[in-house]
Amino acid sequence: MVTDVPPLAKYEQDLRKGVLVLAVLSQLRTAQYGYSLRQALAEQGMPIEEGTLYPLLRRLEAQGLLDSEWQVDGGPPRRYYTLSTPGAELYRDLHESWGALASVMNTLLEGPRS
Amino acid sequence: MNPEAIIDTYVTDVVRRLPRKQRADVAFELRSLLAEELQDRAESAGRPADAAVTMDLLAAFGRPVDVADRYRPAGFTIIRPADAPGFARVSLIGVALQWLVSLVTVYSIPMDATAPGGDWLSRLGSWWLTWGLGAFWWPGFLVTASIVAALVSSRRVPKDAVPFVILDRDRVNRSLVVLYIALAAVGSAPLVAIPSIASWGSSLPQPVVEAFTLDAEFLAYRAPWALLLWAAALGIAVALLVAGRWTRTIRIASAVSDVAWIALLVWWVAGPVFAAPLADETTRGILALLAVGVVVDLVFTVRRIAKPIAAPAR
């Protein structure tokens with residue numbers, strides 16, 4: 001049975017979903033608020049839809065991985081997020097896992113070396 | 001239209017789906033973020049931050065209900081995707097059966113069509129307001145039962161070892177089969193003894209003897225078949241004990257046995273079983289319920305008769 005093949009964008013989106021949390025944690029070693037975080041990720045080639053990112057920050061905070069506080073720097077009040085201690089530990093672990101996974105994937109994609 | 005008003009409405013629509021204690025905080029943050037996104041989007045497009053740009057932004061952000069879902073942590077599943085088609089089928093069939101039976105009952109009662117409420121349309125209206133709508137208790141009951149089951153399983157600590165019945169549903173517990181055979185032997189003894197109660201006349205009160213006096217025709221022609229079917233059931237149980245699992249052959253034998261039991265029970269219910277009317281009426285009611293139970297067992301048995309796995313056609 002052959003079904004319609006989803007467009008490339010769908011597969012790319014699935015790939016990005018898998019690394020979303022790691023990408024966000026990597027940028028929250030310094031405090032960021034939602035909009036600045038999205039900009040930072042986009043500038044480094046990891047655009048994330050705002051409708052996905054902002055709720056994700058709240059969920060990570062609810063899981064105890066992020067700390068947050070409201071700050072007023074002469075502009076409108078903004079909620080800044082940063083890694084909590086468990087979040088920093090998870091980030092280190094995920095960073096290591098990513099290194100191993102990327103290595104395996106590179107081997108798979110490049111094929112066996114002769 | 002004022003973009004701020006549009007954003008406020010959108011944000012309110014999102015946060016009303018969130019837990020009450022989160023709403024104010026999320027609303028304030030989300031409104032602030034959307035305002036910044038709007039400015040950014042307008043500047044990038046070289047357009048004023050008007051209603052059209054706002055609507056584009058909100059469309060990209062997503063439906064309020066979807067956004068609210070993303071704010072919530074993953075909840076528990078009430079009906080698993082794999083169970084959804086079966087759940088829908090059982091719900092709809094249950095409602096349809098109730099409608100069918102109640103409609104047949106309503107229209108089989110003779111009524112004067114010229115009397116008030118006696119015409120077919122009025123009867124249909126009365127049916128709809130009673131049995132018709134009432135039949136929806138069934139899907140409601142199923143949903144409630146599913147919620148309770150989901151709550152229980154969501155709180156259960158997962159065990160490391162998965163019970164064998166989940167991984168191998170055809171495997172049987174031999175000890176339980178032995179217990180079943182023993183209980184069936186013990187349970188059938190009083191039933192077989194019923195015809196002899198009359199001969200114990202001197203030791204039992206007369207009303208008891210009368211209540212347990214079997215109908216002569218039942219005893220002579222309809223009752224003996226039970227012995228044959230009990231023997232078949234015993235054979236199936238022994239086969240199960242030897243094999244240690246439900247095989248296709250044993251399931252087919254069990255289904256055939258169920259069909260024979262249903263036929264026999266229907267035959268029994270169709271005529272008198274006991275000579276005394278009260279005992280007879282009660283017994284036939286119990287036998288009818290038993291027949292329904294066997295029908296349910298037959299449905300499950302037939303559904304589980306697995307076809308041999310065949311190689312795909314080339």
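Mentor: Two residues are in contact when their C-beta atoms, placed from the backbone, lie within 7 Å. The model is predicted, so local features need pLDDT of at least 70 and side-chain atom pairs count only at pLDDT 80 or more, while totals for chains, interfaces and linings use all residues. Residues are numbered from 1 along each chain as its sequence is written, and chains are lettered from A in the order in which they are written.

Trainee: What share of the contacts in chain B between residues at least 6 apart in sequence join residues at least 24 apart?

Mentor: Of those contacts in chain B, 65% join residues at least 24 apart.

Trainee: How many helices and strands does chain B have?

Mentor: Chain B has 14 helices and 0 strands, where helices (H or I, at least four residues) and strands (E, at least two) are DSSP runs numbered from the N terminus.

Trainee: Why is helix 5 of chain B said to lie largely in the open?

Mentor: A residue is buried if 20 or more other C-beta atoms lie within 10 Å of its own, with C-beta atoms placed from the backbone; of the 25 residues of helix 5 of chain B, the number buried is 0, so this helix lies largely in the open. Across chain B, buried residues make up 11% of the 314 residues.

Trainee: How do you know what helix 5 of chain B should span?

Mentor: The expected span is 1.5 Å times one less than the number of residues; for the 25 residues of helix 5 (residues 84-108) of chain B this gives 36 Å, which agrees with end C-alpha atoms 36 Å apart.

Definitions and conventions: Buried ≥ 20, exposed ≤ 12 C-beta atoms within 10 Å, placed from the backbone.
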